Structures are given as C-alpha cells and as structure tokens.
Amino acid sequence: MEAQDGARVRNEEVPPQNQDLSFLLPAVTAFLSEYGWYAAFACVGVYLLLQHLRKNRSTDSQSSPVSTSSQDPDSVVRRQAALEASRRRMQEEQDTRAAELRERQQRLEEDKRRQKIEMWDSMKEGKSYKGKAQQSTEEATSSSSLRPKTDKKPLRNSGYSPLSGDGGGTCSWRPGRRGPSAGG
C-alpha cells in the first residue's frame, strides 16, 4: 500500500515490535576486547582529574569565604600596608645577615692573606714555614689530651692466633668422625 507521494505506509495489521538492545552486544564486546585497557585507564584518569578539580574548588572556596567586592576598602588597605611593612622588615633582616656574612668572609680572606705573608717572610728568613702548622696541630692535640684516657684491657692476648687451635680453652671445634653413621 503506497500513499500518493510514494512513501510506504505502515501496515496497520502488524503490531509494532519492541526492539531490545541485543544488537549492541557484539559491538560493545568487540570494542572492549579491542580497547578495554585504554577505556579503563581513561576512566581512572577522568576520576583522578575530577578529584583534583573538586579539591582545588573546595580550597578556593575556603580561602575566600567572602567575595572581594563585599570587603571593606579600609580593611584591604590596612592589610596591604601590614603586608608591605612585614616584607620591608624581612628584607632588612636579610640585608643585615648578608652584610655580616660579607664582613666575616672579608675577615677570613684577610687572615688567610696575612698567614700567607707570614709564611713567605719566614721562608725568606730561612725558617720552616710548617712551624705554624705544627704549632696549631700541637694545640689541637693538647686540647684533646685534656680528656683522661682510660686503660682498657685488650680483647685477647698478643700471642693469639685463630689458626693455631690453642687458646680457645674449653671451646674447641673438632671435625666429626668419618664413615657411615654407627646406628644399628
């Protein structure tokens, strides 16, 4: 039965059939067998991305509970002035530390230069330039000798040899008997 414009008209006698989704099963199975791991990794990636974005959004909402447009302009100016003052104070502290470090380095360099000059002068006079170094090491050893040394008993006598077999007292190792076991 055709209509006047050539289109087919549905047959009124055949009831419409419910189509289920069984026609999708082969396509979905083929897709998962081909790209299953990629799909799993993509799902995990999307989940992690959503968690990250949710965390960022929650921290943003916690950091600024009141919108900037509703804040008092005087409080903003006071906060900025306090921030600037604290930055200035920290910068001054850093500058003083840097100056102290510079002075200390200059003193060390001056001491090194003075020692080199003294060593050179002593070498010209024919003295040993190691004299200063030996004196400084003697001072270091004398400062360490202030601690009393305790006389410790040696762990073993000087004639001990582990290969000799003696000196063990009652603890001596002897190899087992050769041959089959004497069990009957």
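Arg97 is partly exposed, with a relative accessible area of 48%; partly exposed lies between buried (under 20% relative accessible area) and exposed (over 50%), judged with a 1.4 Å probe on protein chains only. Residues are numbered from 1 along each chain as its sequence is written, and side-chain values use heavy atoms, with hydrogens and water left out.

**Overall build and confidence**

- The chain contains 3 helices and 0 strands, where helices (H or I, at least four residues) and strands (E, at least two) are DSSP runs numbered from the N terminus.
- Read from the N terminus, the order of elements is α-α-α.
- Mean pLDDT for the chain is 79, and 68% of its residues reach 70 or more; pLDDT is the predictor's confidence in each residue, on a scale from 0 to 100.
- Among the elements, helix α3 (residues 131-144) has the lowest mean pLDDT, 56, while α2 has the highest, 95.
- Where pLDDT is low, the predicted coordinates should not be read in detail.

**Surface**

- Of the chain's 184 residues, 2% count as buried.
- Leu21, Phe23, Leu24, Val28, Phe31, Leu32, Tyr35 and Tyr38 make a nonpolar surface patch of about 870 Å².
- Patches are made of residues with over 30% relative accessible area and no salt bridge; like charges are joined within 9 Å, and nonpolar side chains (Val, Leu, Ile, Met, Phe, Trp, Tyr) within 5 Å.

- Side chains of opposite charge can pair when their charged atoms come close.
- The whole structure holds 4 salt bridges, each defined as a side-chain nitrogen of Lys or Arg within 4 Å of a carboxyl oxygen of Asp or Glu.
- One of them joins Arg97 to Glu93, with the closest N and O atoms 3.8 Å apart.
- Arg97 and Glu93 are 4 residues apart in helix α2 (residues 73-125), so about one helical turn separates them.
- Glu93 counts as partly exposed, at 40% relative accessibility.
- Another salt bridge pairs Arg113 with Glu110, the closest N and O atoms being 2.5 Å apart.
- Both Arg113 and Glu110 lie in helix α2, 3 residues apart, which is about one turn of the helix.
- Arg113 is partly exposed at 43% relative accessible area, and Glu110 is partly exposed at 31%.
- Arg114 and Asp111 also meet through their side chains in a salt bridge, at 3.0 Å from N to O.
- These two residues, Arg114 and Asp111, are 3 residues apart in helix α2, so they are separated by about one helical turn.
- Arg114 counts as partly exposed at 42% relative accessibility, and Asp111 counts as partly exposed at 34%.

- A pair of aromatic rings is described by the distance of the centres and the angle of the planes.
- Rings of Phe, Tyr and Trp (its six-membered ring) pair if their centres lie within 6.5 Å; planes under 30 degrees apart count as stacked, over 60 as edge-to-face, and the rest as tilted.
- By this rule there are 3 aromatic pairs.
- The ring centres of Phe31 and Tyr35 are 5.5 Å apart and their planes stand at 45 degrees, so this pair is tilted.
- Phe31 and Tyr35 both belong to helix α1 (residues 25-63), 4 residues apart, about one turn of the helix.
- Phe31 counts as partly exposed at 45% relative accessibility, and Tyr35 is partly exposed with a relative accessible area of 41%.
- Ring pairs link Phe31, Tyr35 and Tyr38 into a cluster.

**Record annotation**

- An unreviewed UniProt entry lists residues 23-50 under "transmembrane region"; UniProt positions are given in the numbering used here, feature names are shortened, and annotations may be inferred rather than shown by experiment.
- In the model, the end C-alpha atoms of residues 23-50 lie 33 Å apart, and the span is 93% helix and 0% strand.

Notes. This is a predicted model: local features need pLDDT of at least 70, side-chain atom pairs count only at pLDDT 80 or more; totals for chains, interfaces and linings use all residues. Accessible areas come from the Shrake-Rupley method with a 1.4 Å probe; for residues, only the protein chains shown count as cover.
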